[in-house]
Amino acid sequence: MPSRRKSIQLSTQELIDVYQWVKQFNLSKDIKNINRDLTDGVLVAEILKHLYPKLVDLHNYTKCYATRNKLDNWQTLNRKVFSRLNIYLDEEMMSDLASGSNGMLEVLLFELMAKYKWENKPSYYQHHEGAQEEGYRGEE
């Protein structure tokens, strides 16, 4: 039997950051326990809809309790949304997400948070370009 890969561990501060970040979204259901409430992928799809509105069609994801249906939701997210964001989940990761195990939900949320913040941060060069144009006189 192949050994399971070592799970990725987030620091306490990273976990706090993820929980605070998730709370900012107006979701259809309050999250009381990430490892229970997000396993079907529906609320993750809602978060993604807030971040990337053109990539997500919420009607593709149904609230469910059966693991097989949860996996279907994660496979759909993986195929239709994550692949466009250059995030690739393998079968083991999707199984962990659907079962809420190995801290995979928090890791995925952390990656989404970091990716979104990185993509939407003001560019250093854009910021300094404007300042240079206003303040630089140069030698003529």
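What we have here is a predicted model, in which local features need pLDDT of at least 70 and side-chain atom pairs count only at pLDDT 80 or more, while totals for chains, interfaces and linings use all residues. Residues are numbered from 1 along each chain as its sequence is written, and side-chain values use heavy atoms, with hydrogens and water left out.

The mean pLDDT, the predictor's confidence in each residue from 0 to 100, is 87 for the protein, and 82% of its residues reach 70 or more. Over residues 1-5 the pLDDT is below 50, and this stretch has six contacts (heavy atoms within 4.5 Å) beyond near neighbours in sequence.

Turning to helices, which are DSSP runs of H or I with at least four residues, numbered from the N terminus, α3 covers residues 42-51 and is largely enclosed by the rest of the structure, because eight of its 10 residues are buried, where buried means under 20% relative accessible area, exposed over 50% and partly exposed in between, with a 1.4 Å probe and protein chains only. What covers the buried residues of α3 includes α1 (12-23), α2 (34-37), α4 and α6 (104-119).

On α1, the buried residues are Val18, Trp21 and Val22, and they pack against α3 and α6. The face turned away from that buried side carries the exposed residues Thr12, Gln20 and Lys23.

Finally, Asn78 sits in helix α4, residues 67-80, and counts as buried because its relative accessibility is 15%. Leaving aside residues up to four places away in sequence, Asn78 touches Ser83, Ile87, Tyr88, Leu89 and Met94.

Definitions and conventions: Helix = DSSP H or I, 4+ residues; strand = E, 2+ residues; numbered from the N terminus.
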